[in-house]
Amino acid sequence: MTDSEAQNIPALSRPHIEPGKLFIDGEWCEASAKGRRDVTDPSTGKVITTVAEADATDVEAAVTAARKAFGTWGQTSGRERARILHRVADIIRRREDELVAVESVDVGKPVSLCRAVDVATTAEIYEYYSGLAQTIQGATRQIPIPAHAYTRREPLGVVGAITPFNFPLILSSSKIAPALAAGNAVVHKPAEDTPLSALLMAEILAEAGVPDGVLNVVTGGGAEVGKALLRHPGIDKIAFTGSTQIGRYAAATAGEALKPVTMELGGNAAQIVFEDADLDKAIGSAIKGFVFNTGQFCMGGPRLLVHRSLYDTVLEILAGAVAGVPVGDPFDPATVVGPMAAERHLAKVEDYVRLAKEEGGRVVTGGERLELGGGYYYQPTVIADLGDDSRVVQEEVFGPVLTVQPFDTEDEAVAMANGTPYGLAAGLQTTDLARAHRVAARLEAGIVWVNDWAMLDPAIPFGGVKQSGFGREYGPEVLESYTKVKSVVISLA
Ligand code: NAD
């Protein structure tokens, strides 16, 4: 009996994936210029399939289809949209194995993580917004003049969704599900490196009864497809998730065209371990915060700030525990850390670890590339003794690297946690309830976790402050950014 059979985990093999086409107006089609792009399995470095490489002409076709479809979808009742979105959730659960296999082979995610987090959360997102689709409504207003006044919440029209490589299923669904729930049509551009699950989701949405043209998927480069979406006058809103650098360009370009945007950008969160923390929980959270998704996690916690009285102890425990984290083939159910999603991400991590050593950092464990089956593997790495102004502390490394720094007082810990340009997430470990609330209020972040890390749910809004962006995804709050308010005032005179 294999380990996975013993744990009742269905074994999955690497899927065969047919070359991908664009999905426009309910049809699968080649890119107008007939371009193709290779898709690589990060655990082997080998090309597994190709997808269509679109350009502005294809974006034009997708926007035209979406505008036409919006005419009907925007008028469909919330209840009918809810039924369809609920069917999407059901089909995701039925086709779970297929989604897990495709996302794992494309991103290099361990199948166990992909099943428990990526695919499960994607189903939850559709289920959650299916519920909310029926609740969108305006309000009546009592006013002192003889008139009946009320508001209507109307869909915006066509949403351009641009998503990054690291959580393709979740980050596209966190845009597409609420956008559709509110009655919008969508043109989705997935990341170049990891486009496969977006095409599978197009198939699933069609199977669930999402009408032709309501979701269109256009694969291709950021500089061509992404830019064309940002500028297109037929797109009413841009929902962007990606790096702060590209986000700045995207916000400026969409701003030029006066399009509303939501910007979910980079992160570099701190986890603070106070002297009264439960150390087992603190170590568990610290490890989860930087090895989860091989550290390619905007809401990761790559900066551990530890009270000086615990600094040496924490480093010693971390060194042993991190060295024991299973790194390997994503299709082995025992694997916790898979490869990085692309060679260039691995090269960036190697550069940062080299820089950390030059900056006086001490590698406590890890610090090397792992030669495994030709894949893009890096050892989970802990670096101690870097100063606050170190670039490795200040910048977003986006890999399995944790820096550990000591602090003496609560004020100092808060200042260090807030001391980078980012503000997506933050966390603290304490058994003192008053301190938990006091410090949570002072941390500059869109979400604060206490005594655990990465507790997320479609019902909890998340998003950034400072250079981590603006606007919120998840929760009922996001529906406000996919609808506009119209006031109607009828004279009673
Ligand atoms: P990226 O910024 O390189 O790319 C994001 C998307 O933008 C991709 O689809 C890309 O093709 C597109 N793009 C690139 N150039 C473009 C252009 N000129 N015009 C329009 N679109 C363009 O990001 P990435 O490397 O794919 O993802 C990692 C980054 O995303 C990290 O910084 C991470 O923190 C961030 N991220 C943020 C969140 C969040 O919720 N805040 C979630 C996940 C990832």
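1. Start with the loop between strand E17 (381–384) and helix H13 (391–394), which is where Asp 385 is found. In this predicted model, Asp 385 has a positive phi of about 75°, although it is not a glycine. Its relative accessible area is 40%, so Asp 385 counts as partly exposed.

2. You'll find Lys 466 in the loop between strand E20 (447–450) and strand E21 (469–470). With a relative accessible area of 37%, Lys 466 is partly exposed.

3. Now for Glu 154, which sits in strand E6 (residues 147–155). Is its position buried or exposed? Buried: the relative accessibility of Glu 154 is 11%, and the cut-off for buried is under 20%, so this charged residue falls on the buried side.

4. What does the Glu 154 side chain pair with? It makes a polar contact with the side chain of Arg 152, at 2.7 Å. Leaving out residues up to four places away in sequence, Glu 154 also touches Tyr 482, Thr 483, Lys 484 and Lys 486. So if you have the viewer open, bring up residues 482, 483, 484 and 486 together with Glu 154.

5. On to a helix pair. H6 (residues 168–181) and H7 (residues 196–208) pack at an angle of about 35°, and their axes are 10 Å apart. The crossing of H6 past H7 is right-handed.

6. Which residues make up that contact? From H6 come Pro 168, Leu 169, Ser 173, Ile 176 and Leu 180, and they meet Ser 197, Met 201 and Leu 205 of H7. By type, the contact of H6 with H7 has six nonpolar residues, two polar ones and no charged ones.

7. Finally, the chain as a whole. The protein chain has 16 helices and 22 strands. Its radius of gyration is 23 Å, close to the 23 Å that the globule rule gives for 493 residues, so the chain is as compact as a globular protein of that length. Along its principal axes, the C-alpha trace spans about 75 × 60 × 45 Å.

8. Two more whole-chain numbers. Of the 493 residues, 56% count as buried. Among contacts between residues at least 6 apart in sequence, 73% join residues at least 24 apart.

Terms used: Residues numbered from 1 in each chain as written. Predicted model: local features only at pLDDT ≥ 70, side-chain atom pairs only at ≥ 80, totals over all residues. Heavy atoms only, no water. Axes fitted to C-alpha atoms, helices over the stretch in contact; angles between N-to-C directions. Helix = DSSP H or I, 4+ residues; strand = E, 2+ residues; numbered from the N terminus. Left-handed = near helix turned anticlockwise from the far one by under 90°. Contact = heavy atoms within 4.5 Å. Buried < 20%, exposed > 50% of the residue type's maximum accessible area, 1.4 Å probe, protein only. Polar contact = N/O pair within 3.5 Å; in protein donor to acceptor, adjacent residues only side chain to side chain. Rg over C-alpha atoms; globule rule 2.2 N^0.38 Å.
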